[in-house]
Amino acid sequence: WLARSIAVPTGIRTTTMTSTAWPPAGKAGLVFIGYFLLGQAAIHLTIMPEGIVTFWPPNAVVVSALILSPLRHWWLLILAGITAEFAADIGHFPLWQIAGFALVNAGEASLVAAILRWRYRDRGYQLFTVRVAHTLGTVFLFIATPLPALGRAPLYQIRTPSWRERV
């Protein structure tokens with residue numbers, strides 16, 4: 001029975017996709033701070049000598065915020081993610097490359113959030129089931145990972161001095 005569903009316990013307030021607990025500017029500020037901090041951690045902990053960051057968790061912040069916010073606020077949250085991308089990457093990558101990363105990451109977050117919102121448009125996320133886990137896994141493994149990689153690959157292929165070569 002546990003494998004079939006894990007329901008949210010009674011008495012615990014759940015957040016729906018159209019949560020209005022935070023004003024849009026507050027959500028954007030939280031997205032910026034979370035994205036920036038995770039971006040800095042990823043750059044400093046996982047950057048390779050070639051300048052490639054092997055693990056990029058900040059997009060999860062934007063995807064989560066998009067899923068939990070009304071569509072009319074998406075532009076502000078995406079803008080916060082793009083701004084945080086520039087803030088986190090400045091000094092590590094050239095501006096043209098940062099702009100490319102920002103656009104690819106914004107596109108990835110928007111696509112993943114749109115797919116998940118469409119898939120769960122009728123019931124939100126109040127019930128975690130094997131089917132929900134399967135959908136999330138499928139979206140993240142077959143959409144959220146390979147498509148942005150195709151967008152980032154050309155950005156890495158154009159040879160520019162890596163941050164380590166400039167020091």
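Helices here (H or I, at least four residues) and strands (E, at least two) are DSSP runs, numbered from the N terminus. The model is a predicted one: local features need pLDDT of at least 70, side-chain atom pairs count only at pLDDT 80 or more, and totals for chains, interfaces and linings use all residues. Residues are numbered from 1 along each chain as its sequence is written, and side-chain values use heavy atoms, with hydrogens and water left out.

**Exercise 1.** Find where confidence in the protein chain is lowest and where it is highest.

*Solution.* Start with the score itself: pLDDT is the predictor's confidence in each residue, from 0 to 100. The protein chain averages 75, and 66% of the residues score at least 70. Now go by element: strand 1 (residues 5-7) is lowest with a mean of 36, while helix 3 (residues 74-89) is highest at 96. Over residues 1-19, pLDDT stays under 50.

**Exercise 2.** Work out how the rings of phenylalanine 32 and phenylalanine 36 are paired.

*Solution.* First, the rule: rings of Phe, Tyr and Trp (its six-membered ring) pair if their centres lie within 6.5 Å; planes under 30 degrees apart count as stacked, over 60 as edge-to-face and the rest as tilted. That rule gives three aromatic pairs. In one of them, the centres of phenylalanine 32 and phenylalanine 36 are 6.3 Å apart and the planes sit at 5 degrees, so this pair is stacked. Both belong to helix 1 (residues 24-46), and because they are four residues apart, about one helical turn separates them.

Next, check accessibility (buried is under 20% relative accessible area, exposed over 50%, partly exposed in between; 1.4 Å probe, protein chains only). Phenylalanine 32 has 28%, so it's partly exposed. Phenylalanine 36, at 27%, is partly exposed too.

Then try phenylalanine 93 and phenylalanine 101: with 5.3 Å centre to centre and 85 degrees between the planes, they form an edge-to-face pair. Phenylalanine 93 and phenylalanine 101 are both buried.

**Exercise 3.** Decide how helix 1 and helix 2 are oriented to each other.

*Solution.* Axes are lines fitted to C-alpha atoms, for helices over the stretch in contact (heavy atoms within 4.5 Å), and angles run from 0 to 180 degrees between N-to-C directions. The two axes come within 7 Å and cross at roughly 160 degrees. Angles under 35 degrees count as roughly parallel, over 145 as roughly antiparallel, 65 to 115 as roughly perpendicular and the rest as oblique. Helix 1 and helix 2 are therefore roughly antiparallel. Residues making the contact include Tyr35 of helix 1 and Val62 of helix 2.
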